[in-house]
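This report describes selected features of a protein model, from helix packing to individual side chains. The sequence and structure are shown first.

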Amino acid sequence: MPNDPIPTPDPADLEGDPLNDQNTSIFERRELLRIGHVPASDRIVGRSEEINAVESLLRPGVHGTPPGNGIIYGKTGSGKSLVARHVTGRAQAIAKSNDVEFRSAYVDCEQSDTITRAARSLAQQVERQSPDNTHIPDTGIGSSEYMNYLYELIDSADVFVVIIDEIDKLDGDDILFKLSRAEESGKTDCYIGVVAISNKIEYYDRLGERVKSSFQDEELVFHPYDADQLRDILDKRRDAFAPGILEDAVIPKVAAVAAQEHGDARKAIDILSSAGEVASRNGDESVTEAHVDVAQEYAAVSRVQEIISGSTPQSRYALFALAYLHTTKTAGGFSTGEIYRVYESVCRSEGMNVLSRQRVLELLKEWAFNDITENKYTGGGMSEGSYREHTLLHDPEIVLDNVFDSNKKKQDVYSSLQN
Ligand SMILES: Nc1ncnc2c1ncn2[C@@H]1O[C@H](COP(=O)(O)OP(=O)(O)OP(=O)(O)O)[C@@H](O)[C@H]1O
Ligand SMILES: [Mg+2]
């Protein structure tokens with residue numbers, strides 16, 4: 001089509017155009033259900049212990065003394081990012097009223113996945129909080145130079161708290177090491193507190209010894225939400241819907257389903273929001289349990305897709321191997337050995353290196369941690385002894401369709417496995 005200007009119809013021809021429908025009958029403040037919406041502190045519920053734990057880390061900083069370092073672990077949607085940001089924001093405000101120069105920065109390593117990007121983001125955020133503008137270049141310098149800018153900027157402050165979110169996505173642990181040693185090594189006089197966040201249980205084990213020893217961390221574990229907590233979280237967003245539109249059973253049902261499947265607040269909100277959308281699309285006048293059933297099916301598929309797309313290729317191949325076994329054999333679960341053999345073939349067909357069996361077992365445990373699979377010891381047969389058996393908890397086709405970025409690749413791997 002040529003790049004012609006878009007024609008605008010005569011308003012007289014647009015009387016009653018459905019595009020003009022505001023569709024407000026179901027939703028009133030839809031933004032409360034948007035992914036990325038940050039609830040006001042009075043809408044954060046069910047995390048008081050976790051909030052207290054992060055407060056304990058940062059409380060010294062509020063008074064101009066050294067804050068603690070900590071690593072927050074927990075499954076996706078358990079409120080880690082929300083709580084860390086919320087407490088840090090409050091700490092900064094209170095420090096100000098105490099006349100403490102408090103700086104903070106937040107870096108999400110999903111987006112800033114190299115040390116250079118992360119260091120640049122930290123330095124530029126602090127630059128924006130500083131009275132005189134340094135102007136830090138966007139390109140052309142490396143992580144050490146960005147860190148030097150950062151040290152220079154925080155030097156005039158009393159305390160600097162940095163949240164490093166999704167830290168397992170970062171290409172190394174250097175930044176943790178540098179930040180935890182900055183004061184000791186004379187780079188700055190400012191007290192630095194690091195709050196690292198990860199949803200990978202094995203992240204701590206992977207940290208190098210030198211980081212572990214200098215990063216004297218406190219480990220905070222955020223558990224998935226139970227049905228009562230999810231009900232409270234959803235109740236606080238009830239005003240996303242027009243009054244009287246939500247049937248009474250809807251929120252308890254969404255909470256129960258989400259608690260049973262994963263305890264993920266993001267997904268629970270997502271299910272509630274899609275239930276509203278389904279109702280709205282059908283032109284129905286209220287949101288009912290039947291809408292939740294439909295919404296929940298969509299949500300389950302998209303959750304699996306999202307988790308797969310955020311995982312590493314090796315981790316995906318391990319999951320693929322399990323899904324493949326489910327489609328080709330009738331057993332309810334499979335041993336690590338069986339999965340490993342298929343995994344090896346997938347790697348060969350993809351031209352990737354083959355990880356050790358122990359490592360693949362760790363990857364499989366990670367999938368279980370995210371409720372995509374389940375693993376348990378089984379009795380085995382008379383002569384076999386007990387062994388660990390893995391079971392996929394979702395439709396294998398969803399996995400098989402999402403592991404590779406094209407259908408052709410999937411077919412290639414399939415044919416190599418069948419030979
Ligand atoms: N306690 C809570 N009260 C109210 N809303 C919450 C609560 N916990 C989570 N939420 C909602 O769920 C969303 C997801 O939470 P958050 O981003 O903190 O999860 P996370 O643990 O960091 O997950 P991930 O590991 O995927 O990054 C938040 O943006 C917020 O809207
Ligand atoms: Mg997060």
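## Helix packing: H11 and H15

A crossing is left-handed if the near helix is turned anticlockwise from the far one by less than a right angle, and right-handed if clockwise. By this convention, H11 and H15 cross in a right-handed sense. The residues that make the contact are Val 301, Val 304, Gln 305 and Ile 308 of H11, together with Ile 398, Val 399, Asn 402 and Val 403 of H15; contact means heavy atoms within 4.5 Å.

Two packed helices are described by the angle between their axes and the distance between the axes. For helix H11 (residues 289–309) and H15, the axes come within 10 Å and cross at roughly 35 degrees. Axes are lines fitted to C-alpha atoms, for helices over the stretch in contact, with angles from 0 to 180 degrees between N-to-C directions.

## Basis of the model and overall content

The model is predicted: local features need pLDDT of at least 70 and side-chain atom pairs count only at pLDDT 80 or more, whereas totals for chains, interfaces and linings use all residues. Residues are numbered from 1 along each chain as its sequence is written, chains are lettered from A and ligands numbered from 1 in the order in which they are written, and side-chain values use heavy atoms, with hydrogens and water left out.

The protein contains 16 helices and eight strands, taken as DSSP runs numbered from the N terminus (helices H or I, at least four residues; strands E, at least two). Its C-alpha trace spans about 75 × 65 × 55 Å along the principal axes. Of the 419 residues, 49% are buried, where buried means under 20% relative accessible area, exposed over 50% and partly exposed in between (1.4 Å probe, protein chains only).

## Helix H16

H16 covers residues 407–418 and reaches 17 Å from its first C-alpha to its last, close to the expected 16 Å; the expected span is 1.5 Å times one less than the number of residues. Its buried residues are Lys 410, Val 413, Tyr 414 and Leu 417.

## Thr 88

Thr 88, in helix H2 (residues 80–97), is buried at 4% relative accessibility. Not counting residues up to four places away in sequence, Thr 88 touches Leu 58, Phe 102, Ser 104, Val 161 and Ile 163.
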